[in-house]
Amino acid sequence: MELTKKLLKEINGILSLNAPTDGAFKISLGAPCIDSRKVRAGDTFFGISGEGRDGCDYFEDAVVKGAKVVILNNSHRESFEKSDVAAKTGAIAVFVNNTK
(Lines give C-alpha, C1' and ligand atoms only; values in the text may rest on other atoms or scores of the structure.)
Protein backbone atom coordinates (compact mmCIF):
# COMPACT_ATOMS: atom_id res chain seq x y z
CA MET A 1 0.00 0.00 0.00
CA GLU A 2 1.14 3.53 -0.64
CA LEU A 3 0.38 6.69 1.25
CA THR A 4 -0.52 9.42 -1.22
CA LYS A 5 -1.53 13.05 -0.76
CA LYS A 6 -5.16 12.02 -1.30
CA LEU A 7 -5.06 9.33 1.39
CA LEU A 8 -3.22 11.63 3.78
CA LYS A 9 -5.99 14.21 3.35
CA GLU A 10 -8.69 11.56 3.86
CA ILE A 11 -7.23 10.48 7.20
CA ASN A 12 -6.60 14.11 8.18
CA GLY A 13 -2.94 13.26 8.70
CA ILE A 14 0.14 15.43 8.99
CA LEU A 15 3.58 14.27 7.84
CA SER A 16 6.77 14.63 9.82
CA LEU A 17 9.29 17.24 8.74
CA ASN A 18 11.63 14.71 7.14
CA ALA A 19 8.98 13.26 4.81
CA PRO A 20 9.10 13.92 1.07
CA THR A 21 6.36 16.38 0.17
CA ASP A 22 7.32 17.38 -3.35
CA GLY A 23 4.99 16.72 -6.25
CA ALA A 24 2.79 13.65 -6.17
CA PHE A 25 4.71 11.89 -3.42
CA LYS A 26 4.04 8.28 -2.55
CA ILE A 27 5.28 6.66 0.63
CA SER A 28 5.34 2.87 0.66
CA LEU A 29 3.71 1.39 3.72
CA GLY A 30 5.03 -1.94 4.97
CA ALA A 31 3.23 -4.60 6.93
CA PRO A 32 1.29 -3.13 9.85
CA CYS A 33 2.59 -3.80 13.35
CA ILE A 34 1.28 -2.60 16.72
CA ASP A 35 3.90 -4.21 18.96
CA SER A 36 7.31 -2.50 18.84
CA ARG A 37 8.94 -5.70 20.06
CA LYS A 38 7.76 -7.54 16.94
CA VAL A 39 8.62 -4.94 14.30
CA ARG A 40 10.61 -6.17 11.30
CA ALA A 41 12.53 -4.18 8.72
CA GLY A 42 10.18 -2.21 6.50
CA ASP A 43 7.10 -2.51 8.72
CA THR A 44 4.71 0.34 9.45
CA PHE A 45 4.32 0.79 13.20
CA PHE A 46 0.99 1.96 14.60
CA GLY A 47 1.24 3.45 18.08
CA ILE A 48 -2.04 2.43 19.69
CA SER A 49 -3.04 3.77 23.10
CA GLY A 50 -4.11 1.06 25.51
CA GLU A 51 -5.44 1.08 29.05
CA GLY A 52 -2.05 0.83 30.73
CA ARG A 53 0.38 2.04 28.08
CA ASP A 54 0.54 4.27 25.05
CA GLY A 55 2.08 2.48 22.08
CA CYS A 56 3.15 5.82 20.64
CA ASP A 57 5.74 6.03 23.42
CA TYR A 58 7.59 3.13 21.78
CA PHE A 59 8.09 4.62 18.32
CA GLU A 60 11.87 4.81 18.80
CA ASP A 61 12.04 1.09 19.62
CA ALA A 62 10.07 0.37 16.45
CA VAL A 63 12.33 2.57 14.34
CA VAL A 64 15.48 0.95 15.72
CA LYS A 65 14.05 -2.44 14.72
CA GLY A 66 13.45 -1.23 11.16
CA ALA A 67 10.08 0.50 10.92
CA LYS A 68 10.33 3.02 8.11
CA VAL A 69 6.95 4.63 8.78
CA VAL A 70 5.25 5.19 12.12
CA ILE A 71 1.65 6.27 12.65
CA LEU A 72 1.34 8.34 15.82
CA ASN A 73 -1.14 10.53 17.65
CA ASN A 74 -0.68 14.26 17.11
CA SER A 75 0.38 14.58 20.75
CA HIS A 76 3.65 12.76 19.91
CA ARG A 77 4.71 15.07 17.09
CA GLU A 78 7.18 17.07 19.14
CA SER A 79 8.78 13.92 20.55
CA PHE A 80 9.23 12.49 17.08
CA GLU A 81 10.57 15.71 15.58
CA LYS A 82 13.17 15.97 18.38
CA SER A 83 14.14 12.29 18.23
CA ASP A 84 17.75 11.65 17.25
CA VAL A 85 16.80 8.03 16.52
CA ALA A 86 14.13 9.06 14.01
CA ALA A 87 16.47 11.56 12.39
CA LYS A 88 19.37 9.10 12.06
CA THR A 89 17.22 6.37 10.53
CA GLY A 90 15.22 8.62 8.23
CA ALA A 91 11.93 7.26 9.58
CA ILE A 92 8.78 9.05 8.52
CA ALA A 93 5.85 9.72 10.82
CA VAL A 94 2.22 10.34 10.01
CA PHE A 95 0.41 12.17 12.78
CA VAL A 96 -3.33 11.66 13.20
CA ASN A 97 -5.95 12.66 15.75
CA ASN A 98 -6.40 9.09 16.97
CA THR A 99 -4.46 6.00 15.90
CA LYS A 100 -7.33 3.68 16.84
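Mentor: We need one cut-off to begin: a residue is buried if its relative accessible area is under 20%, exposed if it is over 50%, and partly exposed in between. Cys33 has 11% relative accessibility, so Cys33 counts as buried. Keep in mind that this is a predicted model.

For an overview, the protein has 4 helices and 7 strands, and 41% of its 100 residues are buried.

You will find Asp43 in the loop between strand S4 (32–33) and strand S5 (44–46). Asp43 is buried, yet it has no salt bridge. The backbone of Arg40 tells another part of the story: its nitrogen lies 2.8 Å from the side chain of Asp43.

Next, look at what surrounds Asp43. Setting aside neighbours within four places in sequence, its contacts include Cys33, Lys38, Gly66 and Val69. Val69 leads us to strand S6, which covers residues 69–73. In S6, 5 of its 5 residues are buried. In a regular strand, side chains alternate between the two faces of the sheet. Here Val69, Ile71 and Asn73 are on one side, Val70 and Leu72 are on the other, and all are buried. Strand S5 pairs with S6 in the parallel sense, over 3 bridges, and Thr44 stands opposite Val69.

To see what a salt bridge looks like, compare the 3 in this structure. One joins the side chains of Arg37 and Asp35, at 2.9 Å from N to O. Arg37 is exposed, with a relative accessible area of 66%, whereas Asp35 counts as buried at 18%. Another joins Arg77 and Glu81 at 3.8 Å. These two are 4 residues apart in helix H3, so about one helical turn separates them. There is also one between Glu78 and Lys82, whose closest N and O atoms are 2.7 Å apart. Glu78 is exposed at 51%, and Lys82 is exposed at 61%.

Note on methods
Residues are numbered from 1 along each chain as its sequence is written. This is a predicted model: local features need pLDDT of at least 70, side-chain atom pairs count only at pLDDT 80 or more; totals for chains, interfaces and linings use all residues. Side-chain values use heavy atoms; hydrogens and water are left out. Buried means under 20% relative accessible area, exposed over 50%, partly exposed in between (1.4 Å probe, protein chains only). Lys and Arg count as positive and Asp and Glu as negative; His and the chain ends are not counted. A salt bridge is a side-chain nitrogen of Lys or Arg within 4 Å of a carboxyl oxygen of Asp or Glu. A polar contact is a pair of N or O atoms within 3.5 Å; within protein, one must be able to donate a hydrogen and the other to accept it, and residues adjacent in sequence count only if both atoms are side-chain atoms. Contact means heavy atoms within 4.5 Å. Two strands pair if DSSP finds at least two bridges between them.
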